[in-house]
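Colleague: I would like to learn how to read a model that I have not seen before, feature by feature. Could we go through it together, with the general idea given before the case wherever there is one?

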Amino acid sequence: MNEIRPILWDDGTLKLLDQTRLPAAEEVVEINDYRGAVAAIRDMQVRGAPAIGVTAAYAVVMAATELWTSDRDSFLSGLREAGTVINAARPTAVNLQWAVRRMLEVAESEPDLAQVNARLLAEARAIQVEDEEINRRMGDNGRELMPDGGAVLTHCNTGALATSAFGTALGVIRAGWESGRRFQVFNTETRPFLQGARLTSWEFQQLGIPATLIVDSAAGIMMQRGQISCVITGADRIAANGDTANKIGTYSLAVLARENGIPFYVAAPTSTVDLSLDSGEEIEIEQRAGSEVTHFQGTPTAPLGVEALNPAFDVTPHRYITAIVTENGVARPPFVESLKLAAGNS
């Protein structure tokens, strides 16, 4: 398998495989300051909840280098302010806030200010390594959910590009394939940013897993005709009751799956589980620019001046979810209990 690693820290420079350029070009964007990392997250040069978390961790490292002063209170105050700026890059994916919080706790707990930057870099690297290990454990835990025969449908991009390596939902598909199970894979184009068409299709090609691209609105008829055995997606935030925020269109797929008696799975690390939220009603949904709907890569696809609504995510109520695959096992309803156990909060 061709391993894809979209995030690289290289002697003070953060190198990101620019996901706005794929598949036409494999270009790397080099970032040397934390505001550049914020822009890369906001502009979706890096995307996917785990990858955003890793990038945010390195953003804190760069912020610490830029803001370092021997005055402890001044340094920590400036670093917290930078953390607020990083957190604001995108609001829905909880991994971003989780990573920033983890990094700030390291800075605040280090008594020797001269060691703070080294400690932060070590922590960011640990977050990146842990992410790949977690993804591979998720793959192991979820591979038996994949059919031997039949077909799997996935949405958006949940592979290595959305993480530090391997992937979440796509990682489960990969693990099932590598275990010897053989099934057809379908992936949606995922309007309007086309993460499925541009990124997921590219990843499946890199991995050598046969996959067929479909338009988002074809999922219903394929389920109705018995052409889909299960659906698996990723997640950007999961509430304590199992309500799951993911790329816009996920809720529609979950309802269609329930109507047609098809299992609907979610794969996500426990860092995506937000036990502070009782339900998905509390999840903030990012609203992106309407120009992403009316234009594609700068070219108008709708009449000039037309208004467009562009929510980036929707929330799938837990009642539509068959199981949630985590690195600590497969959580099943009632999720209020199983997610607590998975997250180590029994």
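Colleague: Which residues line the second largest cavity?

Modeller: Before the list, please keep in mind that this is a predicted model. The lining of the second largest cavity is made up of Met44, Pro192, Phe193, Gln195, Lys247, Ile248, Arg288, Glu292, Asn310, Pro311 and Ala312.

Colleague: How many cavities of 30 Å³ or more does the structure hold, and what is the volume of the largest cavity?

Modeller: There are 3 cavities of 30 Å³ or more, and the largest cavity has a volume of about 180 Å³. Its lining counts 22 residues, and those nearest the centre are Arg47, Gly48, Ala49, Asn157 and Asp236. Sorted by class, this lining has 11 nonpolar, 7 polar and 4 charged residues.

Colleague: Which element gives the most to the lining of the largest cavity?

Modeller: Helix α2 gives the most, with 3 residues, while α2 (49-67) and β9 (244-247) are the elements that each supply at least two residues of that lining.

Colleague: A pocket differs from a cavity in being open, since the probe cannot get out of a cavity. Which residues line the largest pocket?

Modeller: The largest pocket, with about 220 Å³ of space, is lined by Thr20, Asp43, Pro192, Phe193, Arg198, Arg288, Ala289, Glu292, His295, Phe296 and Gln297. Its lining has 4 nonpolar, 3 polar and 4 charged residues.

Colleague: In what order do β1, β2 and β3 stand in their sheet, and why is one side of β1 and of β3 left without a neighbour?

Modeller: The 3 strands form an open sheet in the order β1-β2-β3, with antiparallel pairing. Strands β1 (7-10) and β3 (28-31) stand at the edges and each have a single partner strand, so one side of each has no neighbour in the sheet. On average, neighbouring strands of this sheet are turned by 20° against each other, direction ignored. Between β2 (residues 13-17) and β3 there are 4 bridges, and leucine 17 stands opposite valine 28 in β3. Helix α2 lies across β1, β2 and β3 and runs at about 20° to β1.

Colleague: How should I read a pair of aromatic rings, and how many aromatic pairs does the structure hold?

Modeller: A pair of aromatic rings is described by the distance of the centres and the angle of the planes. The structure holds 3 aromatic pairs, one of which is formed by tryptophan 9 and tyrosine 58 and is stacked, at 5.0 Å centre to centre with 5° between the planes. This pair links distant parts of the chain, with tryptophan 9 in strand β1 and tyrosine 58 in helix α2, 49 residues apart.

Colleague: With which residues is leucine 121 in contact, leaving aside its neighbours within four places in sequence?

Modeller: Leucine 121, which is found in helix α5 (residues 116-142), is in contact with Trp9, Tyr58 and Val61 once those sequence neighbours are left aside.

Terms used. Residues numbered from 1 in each chain as written. Predicted model: local features only at pLDDT ≥ 70, side-chain atom pairs only at ≥ 80, totals over all residues. Heavy atoms only, no water. 1 Å grid on protein atoms, 1.4 Å probe; cavity = no way out; pocket = protein on both sides within 12 Å on 5 of 7 lines; lining within 4 Å. Points joined across faces, edges and corners; volume = space filled by probe spheres on them. Nonpolar A, V, L, I, M, F, W, Y, C, P; charged D, E, K, R; others polar. Pairing = 2+ DSSP bridges. Axes fitted to C-alpha atoms, helices over the stretch in contact; angles between N-to-C directions. Contact = heavy atoms within 4.5 Å. Phe/Tyr/Trp six-rings, centres within 6.5 Å; stacked < 30°, edge-to-face > 60°.
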